Amino acid sequence: MTCSHRCILVAAASLAFTTTDAQSPQWAEPPRLVVGIVVDQMRADYIYRYWDNFGEGGFKRLVAEGSFQRDAHYDHVPTKTGPGHAGIYTGTTPARHGIVANDMYVRSSKSTIYCVEDKGVTGVGSTGTIGQRSPLNLLATTLADELERRTDGRSKTIGIALKDRSAILPMGRTGDAAFWFAAGTDGAFASSSWYFDSLPQWVTDFNGERLAATYLGRTWEPLLALDRYHTPLPDDNPYEVPLPGATTPTLPQDLQALFKASGDTYLLRFTPWGNTLTTDLALAALVGEDLGTDAVPDLLAVSYSSPDDLAHRMGPRAVEVEDMYVRLDQEIARLFAELDRRVGKGKYTVFLTADHAGSDVTAYLADLKGSAGYSDDVKLERELDASLIKLLGPGKWVRRVTNDQVFLNDSLIAVRKLEPHQVQRFVADRLLGDPTIAEALTATDLVRENYSEGMRRNLARGFMPTRSGDVLYSYRPGIAEPYSTRIPNKGTEHNTGWNYDTHVPVFFMGRGVVEGEVVRPTSVTDIAPTVSMILGMTMPDAADGRVVPEVLGR
Ligand SMILES: [Zn+2]
């Protein structure tokens, strides 16, 4: 580019900006498209640890051109995928949006319901229970709902993810569509009758390409020389669970052979090509739904599920996990490049965050002499029952210990004419006497008191009386659920209110965004109010996050 050419461009650009600025505020000409990107189980420290292996067009572009909130956290427990995705898009926590867990224990039926389970709908593009999904359990509006109201229903609002809950919850109850991966032999994306009776033609065409099977026809080779990955561990180490069907947790991995043996494209979820397929569908949605091509703002919610599926098996020090992130960086760059080309730089706004972070493999930390150990819900339930029998007489006093909550047998408490709070109080005190437990609060206390700080706040913000337990507790830092009780000392979980589970990256980039860093503490619940400001629309109805003013241009 010659100097004069460049100077004219700069002059034209600043003139255009000045004109717009003088005539109307930014929100009067909102972005044509908002793209929300969620990376499932992304720790904030991956940005720092993997930095020198990233290219220029993905995470580094978000840092260079965007606004980076470096101390952003979840302030609720449990830190899980359903509550996290609902929180990002509603701007609030389970106490208000109602998605209190991935699997929610229901007192009346004494059973567990999956957070997006809905027996009243049927699959579209799939058969069986994978299609019986909807946002029925979500009790607050999301960015998608509010954008539909703002634009008199003219916006296109589309949710995409391999995981059903990650596609569905961002769309609220009135978003246009959600598509998730039905796996099986076909590897198709499906939806449910909540949204429509048949798949849009562009999704049917996409499924017809059978890309999942194609991607599983390859060998997963490390992208970089092994000495470029940031890990103190050898690729073959005792803390990792191999991919489904594999014998060693190492690269290279012959995916074609594993796929041939199982015949199930579910394997794709544990590989970097799960992210590739997700990007492919997002790009197909841009074309198929004409997203961002007119003045009516659209919303595309994309969630990358594979980083979570893989990190659960291998933990955050695995070569495989870093390899997936280096490739995810390329996928995000591919998405941005296409947004530039189709919608136009400066005409769309992106945010990127995670639905929760995740801890190191607990056994690894313990082997380093860290303060770390595994929790055991079955043992805890047995011990609580034993001490309640001692105190109150025979009976099955504990209905269920799950999600770090104790559900008591309310009918037995009623039959024995006991005061529920006294039983709750005994359980909480008993838990507080356990050296592995940091905090325990009763449901009665949580209804009466206002806990505004620390772990008590996190417990309170995760608590909804009709959906939560009778006693909520938190283990001390380093104490984690096992990934699988059948495979001890391997893999990792996330659930707690400690920093390794709560600290996630938050980026904004594009229209309406001022580049820079925000280092003061922010909450993930601040994302939705901030997006609402950029779009010039009302907040999701129960949002209690705050706008982050450093992000906003005028
Ligand atoms: Zn997870």
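Trainee: Which side chain meets Arg327 in a salt bridge?

Mentor: A salt bridge here is a side-chain nitrogen of Lys or Arg within 4 Å of a carboxyl oxygen of Asp or Glu. This is a predicted model, where local features need pLDDT of at least 70, side-chain atom pairs count only at pLDDT 80 or more, and totals for chains, interfaces and linings use all residues. Residues are numbered from 1 along each chain as its sequence is written, and side-chain values use heavy atoms, with hydrogens and water left out. At 2.7 Å, N to O, the partner of Arg327 is Asp323.

Trainee: Are Arg327 and Asp323 buried or exposed?

Mentor: They sit four residues apart in helix H13 (residues 319–342), so about one helical turn separates them. Helices (H or I, at least four residues) are DSSP runs, numbered from the N terminus. With a 1.4 Å probe and protein chains only, buried means under 20% relative accessible area, exposed over 50%, and partly exposed in between. By that scale, both Arg327 and Asp323 are buried.

Trainee: What is the relative accessible area of Glu331?

Mentor: Glu331 forms a salt bridge with Arg334, closest N and O atoms 2.8 Å apart. Arg334 is partly exposed at 30%. Glu331, though, is buried, and its relative accessible area is 10%.

Trainee: How many residues apart in sequence are the parts that Asp544 and Arg96 tie together?

Mentor: Their side chains meet in a salt bridge at 3.5 Å, N to O. Asp544 lies in the segment after helix H21 (527–535) and Arg96 in helix H5 (residues 94–97), so the separation of the tied parts is 448 residues.

How values were computed
Helices (H or I, at least four residues) and strands (E, at least two) are DSSP runs, numbered from the N terminus.
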